[in-house]
Amino acid sequence: MVFIAKQHSSSSASSNLDYDDNDANDSGLKLWSQASTLSKHQTFVKTSRQVINSAICKKSPKYFMGISSPSSSSSPLSSLLCCGLLIAVTLSCCVNNALGRAPPEPYYGRFIGQFTNFAHGIKGAIYAVDESTLFIKSFAYDGTGPDAFFWVGETPRPSPEGFIIPYPEDYVGIEPPILKAHNNTDIILRLPMGKRIKDIKWLSVWCRRFTVNFGDVFISPGLDVPKPRVLPEFKRLAHGLRSSNISVLDAKTFYIPNLHYDGAGPDAYFWVGNGSEPNIMGIKVPNEIGSLEPLRGYQGEDIEIQLPGKLTVYDIDWLAVWCVEYRHNFGHVYIPKDLDVPPALGQTKITTTTSPRPVIANCREVIPNKLQVKWELQGEYLQVELVGRITEDQYMAFGVSGANGRAQMSQADVVVAFYDSNTRVFRAEDYFIRDLAQCDGTNGVCPDDKIGGRNDVIVLSGDRKNGVTNIRYKRLLQTNEHLYDRPIPTEREVSIIAAIGPLNSRKEANAHSHTGTDHVVDDIRINFSSRSDNDCKISLYNVKDESGPTPWPTRKIMNENSFTARIGATGGKRGYTAITGGPSWGIAWYINDLLIPEITVERGKTYEFLVEGGDNPSQPARYHPFYITDSPEGGIGQKTGLEISKQKVYAGVEFDEDGNPIPTAAGRYCEWEHINVDRSGESETFEDFMKTLTLRCEEGEPGYLNWTVPTDAPETLYYQCFTHNNLGWKINVVSTAASLSIPTLSPFWLTVVMGMLSISYHLALKRLHNQVYLA
């Protein structure tokens, strides 16, 4: 009852606060803002505790036992009956909820029926996986039919008026292969030519040559097959996370189109779990390439991720992007309880911008730790994949040397591959190096199509992440362009050349340096018909850049009385971590639009902070009240007990009667966000980095903090975030002559000092008198 009364008192105090927009002066506005923030936070804290306590009771029936009012007169029997009823209801809800979500295991889709055998031992149970896919469990066939296939049609019974379902699907050749013998084989069949299950009436094992039906199963009209489910987009909470509508493709697979995320979270992952909101009791989900490394930045990419182990979408309530280290939700989407999606049998194949590419067995690391070349013959084409640690203003070049037996650039035929940051496409251009000079339209290092030839290179795919550019292309072995293209031999080894260099303003290859670390020096020979020529010991994604980017210098603010505090990107390895030597959460304070500058203040003076770090406690990722402390870590709002007492607060926080900290400086949310992905690694200066950011502010009013620096304040304080660690930096506290005070002396020491001054004075006079006398 006391708890309810305190909450009611807080609400009443807030509601009784009169505020007139027309008559309020600036100080009144600030006072109202602080009072509103305080009331809002207190209400949130207490309400959230009620919710937590309620959730505990609901989740665990044992908490109901022994709970009664001190004045209750209920008998033990009635209490026991009440507890039993509550337990029964709770278990009933849980069981019904579970039964309403997950299909029975094992789950293969909607059951169609068993094969009816007419010849050759046909057996198997058939399921509809989705609208265009069938699954046969434990298929059997003796394999002796001369021209047998899986055969479907829309006639009343199996007949020659059907068509083949190719199996296996990825066959090689013009005609699908004849069906071989099977003994209890699980088979996935994908209907060809855009056909759907509703378009067919039967599935048969059919001998095409003799028009004989070996076995069949009929499909009921109007069969309700499982279908992928379209969900809303990610809820947008932090770090520029957004997407288009997410799809549940099957029981384990999510398709996330148009994914945007700035990549600045230090420990962020795809994260799934149970409960009304994402929480720490979740499970990491591998990214689109199956890695559990922290998420990189995404710039409008389409990706597909799969739940790990035996986990399915029926076991979870939400999918989120979650920072494990700082326990924060960047955005999430809820999973409906009425799903009826296809089973996860490996049938889902969606082309995404990051779909795994076929593995190429041949690989040479031609420039150590910088450039790898992968290749394979495909008929009359040579397919090449260049993987290089390059920046966006660099290219990779690879080709046949101008002279066999040595690495010679002159007279070489090469492909120059790069990412065009202007058009945002991956390019691969055919070059002929007539001589080592800039292209003048006739001579030099020129694209073929600028000197009368043509570009015979076809780009197949491209990708750039974590500082590594990957471009796959193909070209003809013989191009019939004898003047500018050298034929690629397949019967012998040939000397190759490779280089990494800068692009000019026209996106053409400029001369590379000649240090020996950015081009091939030795004679490297490759037989392009090889099938397992591989000396690539490590992926370039795992190569560490030992040098690292140059940190930006710390900004400093002096002789200022007013400050604006907003949230912004940390600047990667050049910014927060380099300046402070500590970890970052991916966001930090921007004071007067500078990344965590050092502020200098004077004792005894008053300073004003306009705070725009968020004022909605229900969105923790966008709730950053501002306060001043002696703690280099901050985050007092998440501390408890002795941890709170370890730091001293100088402004921005009050304490309630129970000793709980309550923030007083919170306002609308403004953030310097990445326009697309984090470009800090490519920004030599902080000013360059700011050009890659944009300021976005929510509606609302800023918060205000007026702080008079105590005369006994230590030399170093910190501005920090109330709810999170490691968002702020130093405040240097200095004294002026006006702030210095003369110490008060006791009468005894005052007499001693005056006596010493008198003795010194008389000694000085005597010395002066002696000097005059001697003169």
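## Tyr-141 and Phe-214

Tyr-141 and Phe-214 are both buried in this predicted model.

Since Tyr-141 belongs to strand E4 (residues 133-141) and Phe-214 to strand E9 (residues 212-218), the pair ties together parts that are 73 residues apart in sequence.

## Phe-563 and Phe-609

A second stacked pair is formed by Phe-563 and Phe-609, because their ring centres lie 4.9 Å apart and their planes stand at 20°. Phe-563 is located in strand E30 (residues 562-569) and Phe-609 in strand E34 (residues 606-612), so that this pair ties together parts that are 46 residues apart in sequence. Phe-563 and Phe-609 are likewise buried.

## Lysines over tyrosine rings

Beyond the pairs of rings, there are lysines placed over tyrosine faces. Lys-284 lies over the face of Tyr-269, at 4.1 Å from the ring centre, while Lys-474 is found over the face of Tyr-381, at 4.4 Å from the centre of that ring.

Conventions
Residues numbered from 1 in each chain as written. Predicted model: local features only at pLDDT ≥ 70, side-chain atom pairs only at ≥ 80, totals over all residues. Heavy atoms only, no water. Helix = DSSP H or I, 4+ residues; strand = E, 2+ residues; numbered from the N terminus. Buried < 20%, exposed > 50% of the residue type's maximum accessible area, 1.4 Å probe, protein only. Phe/Tyr/Trp six-rings, centres within 6.5 Å; stacked < 30°, edge-to-face > 60°. Lys NZ or Arg CZ within 6 Å of the ring centre and 35° of its normal.
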